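Welcome! Try each one yourself before you read its solution.

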Amino acid sequence: MHIGIIGAGLSGLSAALHLLGAGHRVTVVERSPQVGGRAGTERIRGHLVDPGASVLTMPELVFDALAAGGLDRFAAEDELDLLPVTPAYAGRFPALDGLPPSVLHVPDDLAVDEHMRWQQAMFDAAYERFIGGDAAWRSYANPRDLARLGKLVRLGALRSMQHQVDRRVDDSRARRMLTFQALYAGVAPSAARAVYAVISHMDVGLGVWYPRAGMGRVASVMADQVRRAGGAVLLDHEVIGLDGRRGRVTGLRARSLGAGRGTSGADRTSAGVHQLPFDGVVLTADSPVTDRLLAPLGGRAPRRVRLSPSAVVAHLDVDPDLQDHWPTQAHHTLDFGAAWERTFAEITATRGRGRLMSDPSFLVTRPSITIGGASAASGPHETGEGSVVSVLAPCPNLESAPLDWDSIGVDYVRDVLRTLSRRGYRGIDSGEILRVDTPADWARQGMSAGTPFAAAHTLRQTGPLRRPQRVPGIANAVLAGSMTHPGVGVPPALISGRLAAEAITAR
Ligand SMILES: Cc1cc2nc3c(=O)[nH]c(=O)nc-3n(C[C@H](O)[C@H](O)[C@H](O)COP(=O)(O)OP(=O)(O)OC[C@H]3O[C@@H](n4cnc5c(N)ncnc54)[C@H](O)[C@@H]3O)c2cc1C
């Protein structure tokens with residue numbers, strides 16, 4: 001079969017490699033001039049910037065996809081050039097619960113062995129079958145899976161994440177370091193099910209990595225392997241429609257966005273629009289784009305989904321000498337406000353009730369701590385890699401708080417930087433701003449309600465209740481990516497690509 005894959009993010013590239021490994025032909029069609037999507041790296045004014053993901057966990061999944069596409073482990077390690085990130089995170093706390101302001105390095109400063117053992121047990125019980133496997137209800141109807149489900153319930157997977165941490169961990173700072181990952185799941189720790197402690201196990205337990213050349217290296221190695229294995233990756237091509245009849249796709253139409261790039265194997269219909277015939281398609285764009293493409297062929301969009309909060313992300317160039325005096329010297333610092341439950345309540349509130357964090361917590365990212373002053377991707381005369389700082393400020397999505405980000409974005413970022421400067425990140429507010437993304441930017445990229453974190457991982461949007469890979473009503477179209485099972489983040493995107501490959505070949 002020849003499968004068309006819409007999107008060269010990690011889910012699309014994972015699907016491509018697994019399909020190639022199963023003996024199929026693939027063409028990945030990507031609207032951007034580069035691969036990686038929400039896990040890419042861009043060069044901005046001489047600096048390497050990761051506009052999306054910065055925490056790489058479970059690199060085994062990248063190696064698995066590359067192996068499926070024919071790249072052996074040694075060659076893959078060589079090409080990816082992953083560096084361990086130590087500490088995985090620093091947590092910086094204001095005066096809290098009678099303790100003075102402090103910094104906690106994770107995992108080394110965590111003395112929570114019992115909780116780590118429980119987290120590991122939860123991961124072992126959930127990972128292979130419930131995260132890495134088919135989530136369709138009918139697939140669980142066997143004694144082995146029912147027994148596995150029973151084990152998860154006995155471990156307390158359906159209790160709240162906060163409850164499970166509070167039971168075993170006394171230090172309120174450690175509790176935060178073990179539950180902030182609920183934000184990745186789009187819900188407050190008190191509302192997140194304890195099964196999502198697997199996310200905490202993925203970073204605090206299994207470790208964090210970073211490619212020397214930036215996060216986008218993962219996608220570029222995967223795309224290179226797609227090409228080496230005989231697949232095609234078309235950049236600068238936006239898919240504008242699916243061809244076929246009700247219930248069956250026969251191809252797609254893509255508009256060329258780049259100047260002077262040819263599209264091999266395609267019939268050119270009208271100026272810049274190409275028709276590509278396929279036996280099936282994998283769609284990885286976020287729901288608004290995917291649903292628009294599927295609707296004419298009878299693809300049914302799901303019921304309303306509860307969406308995750310969003311984020312404002314600013315990338316800056318800050319003098320490294322100033323950074324040397326900052327309160328932490330870590331690749332990833334969670335700089336917490338005193339408020340915690342209130343912060344989650346503000347950014348996860350339902351329609352119209354969301355608000356900006358009143359006592360904010362931020363993620364401050366400095367890749368130079370791991371890669372040193374200059375990355376492998378830069379030439380010997382290129383400097384400045386050591387000065388990039390990214391600040392992620394969680395905020396409500398546009399449904400929760402319909403703010404006019406194009407008007408308030410710049411002022412909000414300045415406000416964030418002033419707050420960080422007051423907290424000891426001296427000079428951060430005078431750094432040159434390289435790039436800012438707000439919910440308005442995510443919305444322009446086609447993401448639901450301006451959040452790049454898709455559907456929240458509430459119980460009703462988990463496992464068999466989350467959007468599956470199979471598309472009801474269309475036999476040869478399947479989905480991958482954060483909107484689908486198993487969810488948001490680099491590991492789930494890679495898994496969803498493999499599940500999509502399995503689903504379309506099973507059909
Ligand atoms: C700011 C931010 C920080 C994050 N931090 C982390 C982190 O530290 N760790 C982590 O694990 N995860 C993180 N994530 C989440 C993670 O990056 C994503 O869940 C994951 O990369 C999504 O991959 P995907 O393949 O599902 O989607 P995408 O990467 O969005 O891929 C979809 C692709 O489809 C393309 N596309 C869309 N429409 C069309 C069209 N019509 N035609 C052709 N192509 C199209 C897009 O350009 C895109 O390249 C972060 C995300 C963001 C935004």
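The exercises below work through a predicted model, going from its domains to its ligand.

**Exercise 1. Find which domains the assignment gives, and describe the contact of domain 1 with domain 3.**

Solution. Start with the bounds: the domain assignment gives domain 1 (2-45 + 55-81 + 215-305 + 454-506), domain 2 (113-195) and domain 3 (308-448). Next, look at distance: 28 Å separates the C-alpha centres of domain 1 and domain 3. Their contact involves 13 residues of domain 1 and 8 residues of domain 3. On the domain 1 side, helix 11 (residues 287-294) gives the most, with 3 residues. By class, that side of domain 1 has 9 nonpolar, 1 polar and 3 charged residues.

**Exercise 2. Work out the strand order of the open sheet of 5 strands, and say which strands stand at its edges.**

Solution. Reading across the sheet, the order is 9-2-1-14-20, and the pairing is parallel. Now take the two ends: strand 9 (232-234) and strand 20 (477-479) each have a single partner strand, so one side of each has no neighbour in the sheet. From one strand to the next, the twist averages 20 degrees.

Then zoom in on one pair. Strand 1 (residues 2-6) and strand 14 (residues 280-283) run parallel and are joined by 4 bridges. Within this pair, Ile6 has Leu283 of strand 14 as its bridge partner.

**Exercise 3. Identify which residues of helix 2 are buried, and what covers them.**

Solution. Helix 2 spans residues 60-68, and its buried residues are Leu61, Val62, Asp64, Ala65, Leu66 and Ala68. Their cover includes helix 1, helix 3 (73-80), helix 10 (216-228) and helix 17. After helix 2 comes Gly70, with a positive phi near 100 degrees.

**Exercise 4. Describe the residues that surround the ligand.**

Solution. Count them to begin with: 34 residues surround the ligand, and the closest are Gly7, Gly9, Gly37, Val55 and Gly481. The elements giving two or more residues to this shell are helix 1 (10-21), strand 10 (237-245), strand 15 (310-317) and helix 17 (490-506). Helix 1 provides the largest share, 3 residues. Sorted by class, the shell holds 17 nonpolar, 13 polar and 4 charged residues.

Terms used: Residues numbered from 1 in each chain as written. Predicted model: local features only at pLDDT ≥ 70, side-chain atom pairs only at ≥ 80, totals over all residues. Near = placed C-beta within 6 Å. Nonpolar A, V, L, I, M, F, W, Y, C, P; charged D, E, K, R; others polar. Pairing = 2+ DSSP bridges. Axes fitted to C-alpha atoms, helices over the stretch in contact; angles between N-to-C directions. Buried ≥ 20, exposed ≤ 12 C-beta atoms within 10 Å, placed from the backbone. Contact = placed C-beta atoms within 7 Å. Domains from an automatic or database assignment.
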